[in-house]
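Here is a friendly briefing to read alongside the model. Please keep the sequence and the 3D view open as you go.

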Amino acid sequence: ENYIGSEQSEEYTWSIGSTYKNVKSRGFIEFKLDYIQLNYNADSSTPIAYEMLESLKPGNNLVIGVNVSQKLSKYLYLTINYQGRNIPDNKMIHTSSMELKALF
């Protein structure tokens, strides 16, 4: 539960995840799926509600995350991240990023 003044949120989360590591190629894949049930006792379109509910909405929310990381050479690492969020009364929101690190 989360409280700010008279506003209150209640969250129930069910999660499943898995990680696969490949020692030979020095890479890994992570997968996580969260089903989140949120209850909120005030207007959910305020800045306080956005912060308390962590950008989700009251009702049934689904969050999917996939991370892939691979060592390309002695000094280069590649990481690709994906997050999908399905919140009530909205279309699925897809976010991804890619990072290439050079260590020297």
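A polar contact is a pair of N or O atoms within 3.5 Å; within protein, one must be able to donate a hydrogen and the other to accept it, and residues adjacent in sequence count only if both atoms are side-chain atoms. With that in hand, a polar contact of 3.5 Å links the side chains of Ser 69 and Thr 79. This is a predicted model, in which local features need pLDDT of at least 70 and side-chain atom pairs count only at pLDDT 80 or more, while totals for chains, interfaces and linings use all residues. Residues are numbered from 1 along each chain as its sequence is written, and side-chain values use heavy atoms, with hydrogens and water left out.

**Overall layout**

- The chain holds 1 helix and 6 strands; helices (H or I, at least four residues) and strands (E, at least two) are DSSP runs, numbered from the N terminus.
- Along the sequence, these elements follow the pattern β-β-β-α-β-β-β.
- The chain is more spread out than a compact globule, because its radius of gyration of 18 Å is well over the 13 Å that the globule rule gives for 104 residues. The radius is taken over C-alpha atoms, and the rule is 2.2 Å times the number of residues to the power 0.38.
- Taken along the principal axes, the C-alpha atoms fill a box of roughly 55 × 25 × 25 Å.
- Of the 104 residues in the chain, 21% are buried; buried means under 20% relative accessible area, exposed over 50%, and partly exposed in between (1.4 Å probe, protein chains only).
- Among contacts with a separation of 6 or more, 45% involve residues 24 or more positions apart; contact means heavy atoms within 4.5 Å.

**The nonpolar core**

- In soluble globular proteins, nonpolar side chains tend to be buried together.
- Which residues make up the largest nonpolar core? Its 9 members are Ile 36, Leu 38, Tyr 40, Ala 49, Met 52, Leu 53, Leu 56, Val 63 and Ile 87.
- Strand β3 and helix α1 (47-52) are the elements that give two or more residues to this core, and β3 supplies the largest share, 3 residues.
- A nonpolar core here is a set of buried Ala, Val, Leu, Ile, Met, Phe, Trp, Tyr and Cys residues joined through side-chain atoms within 4.5 Å.
- Leaving aside neighbours within four places in sequence, Leu 56 is in contact with Ile 36, Leu 38, Asn 61, Val 63, Arg 85 and Ile 87.

**The aromatic pair**

- The search of the whole structure turns up 1 aromatic pair. Rings of Phe, Tyr and Trp (its six-membered ring) pair if their centres lie within 6.5 Å; planes under 30 degrees apart count as stacked, over 60 as edge-to-face and the rest as tilted.
- Trp 14 and Tyr 35 form this tilted pair, at 5.4 Å centre to centre and with 40 degrees between the planes.
- Trp 14 lies in strand β2 (residues 7-22) and Tyr 35 in strand β3 (residues 27-40), so the pair ties together parts that are 21 residues apart in sequence.
- Tyr 35 counts as partly exposed, at 34% relative accessibility.

**Residues in the strands**

- Ser 69 sits in strand β4 (residues 59-71) and is buried, with a relative accessible area of 12%.
- Apart from neighbours within four places in sequence, Ser 69 is in contact with Arg 26, Gly 27, Phe 28, Leu 78 and Thr 79.
- Ile 93 belongs to strand β6 (residues 93-102) and is partly exposed, at 29% relative accessible area.
- Not counting residues up to four places away in sequence, Ile 93 touches Gln 83, Gly 84, Arg 85 and Ile 87.

**Residues in the loops**

- Glu 54, in the loop between α1 and β4, has a positive phi near 55 degrees, in a residue other than glycine. Glu 54 is exposed, with a relative accessible area of 58%.
- Asp 89, in the loop between β5 (76-86) and β6, also has a positive phi, about 65 degrees, although it is not a glycine. Asp 89 is exposed at 80%.
- Asp 43 is found in the loop between β3 and α1 and is partly exposed, at 47%.
- The side chains of Asp 43 and Ser 45 are joined by a polar contact of 2.9 Å.
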